[in-house]
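User: I would like to go through this structure and ask what stands behind the terms used for it.

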Amino acid sequence: MFDALSEKLQATLDDVRQRGTLTETDINAAMREIRLALLEADVNFKVVKSFTNTVKERSLGADVIGQLNPGQQVVKIVHEELVALMGGESEGLTFSSRPPTVILMSGLQGSGKTTAVAKLARWLKEEKGSSVAVAACDVQRPAAVEQLRLVGAQAGATVYDRGTELSAVEVARWALDQAKQDGKDVLIVDTAGRLHVDQALMDELVQIRDAVRPDTVLLTVDAMTGQDAVNVAEQFAAAAGFDGVVMSKLDGDARGGAALSVKAVTGKPILFASTGEKLPDFQAFHPDRMAQRILGMGDVLSLIEQAEKQFDEGDAKDLERKLRRNEFTLEDFLKQMKMIRKMGPLSKVLGMLPGVGAQLKDAQVDDREMDRVEAIILSMTPKERRHPELIKGGRRLRIAKGSGTSVQQVNQLVKNFQQMRKMMKQMSKGGMKGLEGMMGGAGMPGGAAGMGGGGGQPQIGVRGGSRAARRRKK
Ligand SMILES: Nc1nc2c(ncn2[C@@H]2O[C@H](COP(=O)(O)OP(=O)(O)OP(=O)(O)O)[C@@H](O)[C@H]2O)c(=O)[nH]1
Ligand SMILES: [Mg+2]
């Protein structure tokens, strides 16, 4: 899914990202590429136009924020707009405060409704621990009832069916009573499809809706039908209404046009993605994760975002100045370490840096080591943090006791810090940036700029860091 689109967008954005500066001409060229890629992915042409216009406007007007270069900002904007295009923050299902929560499934014939009913039942059971019943309200064909009996049972749901003896509305009403009696958390109502959106279909849907008053009406659309799926959704929105989309058969859809257009055209988000014939092939749809997958940048984007949140430019400048003047103290070090830790466990932060993931396999990252370093520094007086050379004899013992460590560990930290400070001073001449330097990796010469680990090598609790650094230099 999205393979071709993904490839093209990535090529365009990689190119943009490499540039230090971006002219309006560069941006125009990039937008042309993006427009073509989206059109080839079968995205609705109006949607494409408005998408590229927004991205262009925002890119031209972007402020220079924090650590991002213009190219990175464009990547960020494209990502944000892709997320918005697919629905932004998805609200998910609405659950009733008085169970059962009722979900009504609608859609054209063969779109994947019955399959989606069973998959959703399973999903609710597994993810939310709900007790789920499904109602067989497709009474057009006996086979449809039989199909739901089968897949509903496989999904672990109670199946309410009356064969084809009653009308769809009657079955729906009866099933709701049953669900109440049985104390079910959720009732999902399967309905009949038609070849086309017609009045009879809409009338029946509206009648069932009025009978069971669903908390959420879902529309299943077949992603493989591309823009047809979007047109169908538009017709349903106008005629019967719905709250969210189940995009089915995404596994058979190489282009992704329907998934990218449906929210913009109907105003309703995709809530679930169905990606195969088996019951577990079903996921809640997360626009942000999907956008990341399309852009193929893994976690680089979330790193950009988090770095932006945690590091303000003023702090970075301040740090650089301190390093240059050799005024960097253990207090600053603690501050830096805390900033990094706010971004998540160290192993995760390092793993998010491009190219570092693989190296992490042999570099063990130990967050406990950082806990220890933090405890030691916190046990020092402010004066000691500014002048670590004072830490001798009795002071060492006091700090070790206060932090629950040993005198040797305190010694080691002070020694490593002094070594590091020397090294950082040298590096700062080559354009030191707060994050990179403290991470002891990611392209910094020397690699290990931290402390706490054993041996003579200063480390920030990253064992095997020197080996990784050697490999990086190759
Ligand atoms: N590959 C793939 N096949 C799917 C998916 N969802 C449904 N199908 C298949 O699509 C066909 C139709 O699915 P149904 O669930 O019966 O569709 P329906 O909308 O209930 O059809 P009617 O009841 O006839 O209106 C079945 O063969 C399903 O196995 C999916 O996500 N991926
Ligand atoms: Mg069906």
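Analyst: The shell around ligand 1 divides into one nonpolar, eleven polar and seven charged residues. Asp, Glu, Lys and Arg count as charged, Ala, Val, Leu, Ile, Met, Phe, Trp, Tyr, Cys and Pro as nonpolar, and the others, Gly among them, as polar. This is a predicted model, in which local features need pLDDT of at least 70 and side-chain atom pairs pLDDT 80 or more, while totals for chains, interfaces and linings use all residues. Residues are numbered from 1 along each chain, chains are lettered from A and ligands numbered from 1 as written, and side-chain values use heavy atoms, without hydrogens and water.

User: How do you know that the span of H7 is close to the expected one?

Analyst: The expected span is 1.5 Å times one less than the number of residues. H7 (residues 168-181) has 14 residues and reaches 20 Å from first to last C-alpha, close to the 20 Å expected.

User: Which residues of H7 are called buried?

Analyst: Buried means under 20% relative accessible area (1.4 Å probe, protein chains only). Among those of H7 are Val-171, Ala-172, Ala-175 and Leu-176. What covers the buried residues includes strand S1 (101-107) and helix H8 (199-212). Helices are DSSP runs of H or I with at least four residues, and strands runs of E with at least two, numbered from the N terminus.

Conventions. Buried < 20%, exposed > 50% of the residue type's maximum accessible area, 1.4 Å probe, protein only. Contact = heavy atoms within 4.5 Å.
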